[in-house]
Amino acid sequence: MSAGQGRARKRNLAGGMLGCCLATMALLVASAASSSAAHGAPVAGILGKNTVGASSDYFAAERKRVNRYALPAAGSLTKLSVYLAPHGSGQQLLKGVVYADTGNGAPGALLGASEALTFTGTSAAGWYDLPLPSPLKLAAGNYWIGVITGPSAGVAGFRYDTVTGSRDYNANTFSSGPSNPFGPVSTDSEQMSLYGTYTTGVDTSPPSQPQGLHASAASSTQISLSWEPSSDDVGVVGYDILREGVVVGSAGATATSYTDSGLTPATAYTYTVDAYDAAGNHSPQSAPASATTLSSSAVQHYEYVFPANAIDVYDMDNGQKLIKTIALPQAATDIRGAVASPATHMLYVSYGGDGGPRGGGSMLAYDLVGERIVWTHTYPEGVDSMAIGPDGKTIYLPVGEESSSSTWDVVEASSGNIVATIQGGKGPHNTIVSLSGQHVYMGGRTSSYLTVANTSNDEIVKQIGPLLNGGVRPFTINGHETLAFTTATSFLGFQVSSITGGQVLYTVPVSGPFPYTPGQPGPSSPSHGISISPDERELWVIDQPNSYVHVFDITGLPTSAPRQIADIKLTRPMTGTQAGCTYDCLREGWLQHSLDGRFVYVGDSGDVIDTGTRLSVANLEPLYNSRVFLEVDWSNGVPVATSSRSGVGYVR
């Protein structure tokens, strides 16, 4: 027996009759589990398919594949078992994997992986155990179990029965370990002969007490709560929210925030939170936290940050404190853009492929007041950073910087449907709608011109350029629409152009001890972030290679060139890649002023800079892992103002 076989504790139970017997045994185990659990004794149960399938296949290399099964009661999973038979010569590595269900019928977060098994072409056919390093405690619910295979192919065969849509799989190198989360899937109908063994018993242990409860006023009628997650020996399934000792709401198993609505303005409220598990055990209540709702006339200034799969909301007026986290779909790992409309109370988020070889993407509409996703729409050509008109009716959505086309989709905001297109420059990437709503500015990554169209008829009215190095990278405009500020590939600095005349006025490099060599390792655009102060006196430009932000005096424009007046060192180096990102993940930066000019938010750095002192006053982890963020201001429980992603000027 090989070392791999010894580790796997092979059980030679091949054959249809034994499979039949195992099925009978599973029924007996389930019956015993039901009976014994009623008396509190731990019993064994089976999760999966413990019969030998009628059909045969073999394992491909560097791939994981899983089937979904329902765990009827909370239990501790100790091992997986798979039926294997030799198919070819050589040896093949395997590990068992366990994934959570997303709730949408797909594998999600990785929960555990077994010890490795080495199966050879001379190994006997039969059931092989794949023990977990330690028991995996699971709540009742749906789970995905399966195997990941090593670089060899066709050595280990397996058995299955045909069940439509029963198996999800994708490519995954064995040496890097099973991915977390599972990732995009392909689906087939092979329900593998593979199962898990678990034990159940009466759960009398409550979850731990929630810690760190924080309460803050979100509006005149809302208070936002946040806390640190509780733990449980089987699993937390939810939280009760108590106001003045009375339960007023609940939150899900993974939630760490809640917004209490319908409150009275200028009134103090006290809250506690408890956690509970599937057996109905409740933790001790958290320490209380209190907050007072704002007066009905107050305005709250919030920054919305979009890392992978979430929106984190920060209170500008209270030390950049996190007040809420909004979950986004599992597919929203690569956020391309975000816009908000106070007129309609809607927020729109684009995510996924940005065209060309990266394929299509999606956009969703989120009701800020109702706190729900209203629609999700897919766009086969791709998506990128869009803009919306002031009335909230029309979105201008580029099909993506990887596209070879020049298309911006004109999208009906109420439905997500495409109603027209504009040809705005190759590599459609970034977009700005003017404050008046009369013009849309379209920056194509591989276009030498910044293109302007009328929003009334979607016709091109101007092209500004030619611009440096044959492409438009992050850009911004002033409120009067007389000046455009553009960055370029392989250039540390920016250009100033006359929108009226359509030509470049100044090319402004960053000066001082800030080295940059075009083509050096790192992002292709070293100044991938540019923002005008709302009063249009200063222009802030990012310096990714040196982890700085540079400030320029632009009060002399258009007569005299911008003057570099400050250099601000960031608190974290802009190196490495964003967490949770799957493509285009290098930290290259983004900048956005708050609407009142107090702060500049620095994407891929996490810094929030006080524009008066030019010092960082906070560093936000989600901002360290995102280039998409904007401001939304609230009053009386509704949004009343918003910035765009781009830090435009507001002097009209």
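Tutor: Buried means under 20% relative accessible area, exposed over 50%, and partly exposed in between, with a 1.4 Å probe and protein chains only. A strand is a DSSP run of E with at least two residues, numbered from the N terminus. This is a predicted model: local features need pLDDT of at least 70, side-chain atom pairs count only at pLDDT 80 or more, and totals for chains, interfaces and linings use all residues. Residues are numbered from 1 along each chain as its sequence is written, and side-chain values use heavy atoms, without hydrogens and water.

Student: How many residues of strand β43 are buried?

Tutor: Take strand β43, residues 599-603. On one side, F599, Y601 and G603 are buried, and on the other, V600 and V602 are buried too. Both faces are covered. The count for β43 is 5 of 5.

Student: Which residue in β43 is the bridge partner of W590?

Tutor: Two strands pair if DSSP finds at least two bridges between them. Strand β42 (residues 590-593) meets β43 in the antiparallel sense, over 4 bridges. In β43, the partner of W590 is G603.

Student: Which residue in the turn between β42 and β43 has a positive phi?

Tutor: β42 and β43 make a hairpin. Between the strands lie 5 residues. With a phi of about 80°, the residue in the turn is G597.

Student: Which residue in β44 is the bridge partner of Y601?

Tutor: Strand β44 covers residues 607-610 and pairs with β43 over 3 bridges, in the antiparallel sense. Its partner for Y601 is V608.

Student: What is the positive phi of D604 in the turn of the β43 and β44 hairpin?

Tutor: This hairpin has 3 residues between its strands. D604 sits in the turn, and its positive phi is about 70°.

Student: Why is strand β28 described as largely enclosed by the rest of the structure?

Tutor: Strand β28 spans residues 407-412. Look at burial along the strand. It is largely enclosed because its buried residues number 5 of 6.

Student: Which residue stands opposite V410 in β28?

Tutor: β28 pairs with strand β27 (residues 394-398) over 5 bridges, in the antiparallel sense. Facing V410 is Y396.

Student: Which residue in β29 is the bridge partner of D409?

Tutor: Strand β29 runs over residues 418-423 and joins β28 through 5 bridges, again antiparallel. In the hairpin of β28 and β29, G416 takes a positive phi near 85°. For D409, the partner is T421.

Student: Which strands stand at the edges of the open sheet?

Tutor: The sheet has 5 strands in the order β21-β20-β19-β46-β47, with antiparallel pairing. The edge strands have a single partner each, so one side of each is left without a neighbour in the sheet. These are β21 (321-327) and β47 (638-642).

Student: Which residue stands opposite V638 in β47?

Tutor: Strand β46, residues 629-635, is joined to β47 by 4 bridges. The two run antiparallel. Across from V638 is S635.

Student: Is Y198 buried or exposed?

Tutor: Y198 belongs to strand β11, residues 194-200. Its relative accessibility is 8%, which means that Y198 counts as buried.

Student: What separates the C-alpha atoms of Y198 and G45?

Tutor: Along the chain, the two residues are 153 residues apart.

Student: What is the volume of the largest cavity?

Tutor: On a 1 Å grid over the protein atoms alone, a cavity is a set of points where a 1.4 Å probe fits but cannot get out, and lining residues have an atom within 4 Å of a point. Points are joined across faces, edges and corners, and volume is the space filled by probe spheres set on them. There are 4 cavities of 30 Å³ or more. The largest has a volume of about 300 Å³.

Student: Which residues are the closest to the centre of the largest cavity?

Tutor: Its lining holds 27 residues. β22 (335-341) and β30 (428-433) each give two or more of them. The closest to the centre are I335, R336, D584, R627 and V628.

Note on methods
On a 1 Å grid over the protein atoms alone, a cavity is a set of points where a 1.4 Å probe fits but cannot get out, and a pocket is an open set with protein on both sides within 12 Å along at least five of seven lines; lining residues have an atom within 4 Å of a point.
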